[in-house]
Amino acid sequence: MPEKAPSGLASLTSVAPMDSPAAQRPGTAAALLGLFAFASCYFRSFAFPHLPFMPGGDQIGFFTSGSRMVAGQLPYHDFFEILPVGTDLAYTALIKLFGFYTWVPGAVMAFLAAGIVILITLAAARIMRGLAIVIPGLLLLGFLLLDESLNATHHWFCTLAAMAAMFVLLRDVSLPRIAAAGALAGLATSFTQTTGAFLVIGLAIYVAWKSKRTRAGASWRKPLLLCAVAIAVFFAINGYFIWQAGLR
């Protein structure tokens, strides 16, 4: 007697859907979702084909800080900044590359959203089955990427770096992957110091647990490497500006 086919959400995570295109080609599913995320953000920030709506929100502050750095001013020293300099530096590089135009924040947000959705989908493919791998990306698109969230601030930059750090460690905890994850965690900390600090702690705990579980050498050396690389990257990005401002 044949078994009854699974129904509802259970059918998404059962063994049978492993033959689905999404399960066989997670890269294709991630690329399509990323393209959809980009288009969703783009058409809410631009009048087709390329007329930008006036940007608003906190992204304007970071965009302005980037322009001040292009003019030679320094954060902490010449203008107030409560965060690390990662977002300011990102906008500085974009302004130097493309110029000071109102379309830059909207385009940045579209690319950030696409990158995050792609990473979420690829990460989901490592731990989920079948069509379920598209659910996290769709939830992000449906519940988080609302009009008021289309604000290319430090939060989204940090999220992209944090997702990349997590994704690097999903396959294994080899030394090159730990170093890469530490560098990405240090980059994330340069956007949002609180989120980045907890990210480093969480990744270090995961690496220690994974190393102990697989008996891959001393469990404390790999977390120490991750933390050391994260701290080194953070000070490589922020150290000059801290030194120029002075501890006082």
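## Valine 108

Valine 108 lies in helix α6; helices (H or I, at least four residues) and strands (E, at least two) are DSSP runs, numbered from the N terminus. The model is predicted: local features need pLDDT of at least 70 and side-chain atom pairs count only at pLDDT 80 or more, while totals for chains, interfaces and linings use all residues. Residues are numbered from 1 along each chain as its sequence is written, and side-chain values use heavy atoms, with hydrogens and water left out.

With a relative accessible area of 10%, valine 108 is buried. Buried means under 20% relative accessible area, exposed over 50%, and partly exposed in between (1.4 Å probe, protein chains only). When neighbours within four places in sequence are left aside, valine 108 is in contact with Tyr91, Leu94, Ala152 and Phe157, contact meaning heavy atoms within 4.5 Å. Valine 108 and phenylalanine 157 are 49 residues apart along the chain, and their C-alpha atoms are separated by 9.6 Å.

## Overall make-up

The protein has 11 helices and two strands. Read from the N terminus, the order of elements is α-α-α-β-β-α-α-α-α-α-α-α-α.

Of the 248 residues in the protein, 42% are buried. Among contacts between residues at least 6 apart in sequence, 69% join residues at least 24 apart.

## Packing of α6 and α7

Two packed helices are described by the angle between their axes and the distance between the axes. For helix α6 (residues 103-127) and helix α7 (residues 135-144), the axes come within 8 Å and cross at roughly 150°. This makes α6 roughly antiparallel to α7. On the α6 side the contact is made by Ile116, Val117, Ile120 and Ala124, and on the α7 side by Pro136, Gly137, Leu140 and Leu141. These residues divide into seven nonpolar, one polar and no charged.

Axes here are lines fitted to C-alpha atoms, for helices over the stretch in contact, and angles run from 0 to 180 degrees between N-to-C directions. Angles under 35 degrees count as roughly parallel, over 145 as roughly antiparallel, 65 to 115 as roughly perpendicular and the rest as oblique. Ala, Val, Leu, Ile, Met, Phe, Trp, Tyr, Cys and Pro count as nonpolar, Asp, Glu, Lys and Arg as charged, and the others, Gly among them, as polar.

## Nonpolar cores

A nonpolar core is a set of buried Ala, Val, Leu, Ile, Met, Phe, Trp, Tyr and Cys residues joined through side-chain atoms within 4.5 Å. The largest one has 52 residues, and Tyr91, Leu145, Leu169 and Leu226 have the most contacts inside it. Helix α6 gives the most to this core, with 12 residues. A second, separate core has five residues, including Leu74, Phe79, Val85 and Phe241.

Not counting residues up to four places away in sequence, leucine 145 touches Cys41, Arg44, Met109, Ala113, Leu140, Leu150 and Trp156.

## Backbone features

Phenylalanine 48 and proline 49 are joined by a cis peptide bond, with omega about 10°. Proline 49 is in the loop between β1 (46-47) and β2 (51-52).

Tyrosine 76 is not a glycine, yet has a positive phi of about 75°. It is placed in the loop between α4 (59-70) and α5 (86-98). Tyrosine 76 is partly exposed, at a relative accessible area of 32%.

## Salt bridge

The count comes to one salt bridge, defined as a side-chain nitrogen of Lys or Arg within 4 Å of a carboxyl oxygen of Asp or Glu. Arginine 177 forms a salt bridge with aspartate 172, and the closest N and O atoms are 3.5 Å apart. Arginine 177 counts as partly exposed at 26% relative accessibility, and aspartate 172 counts as partly exposed at 28%.
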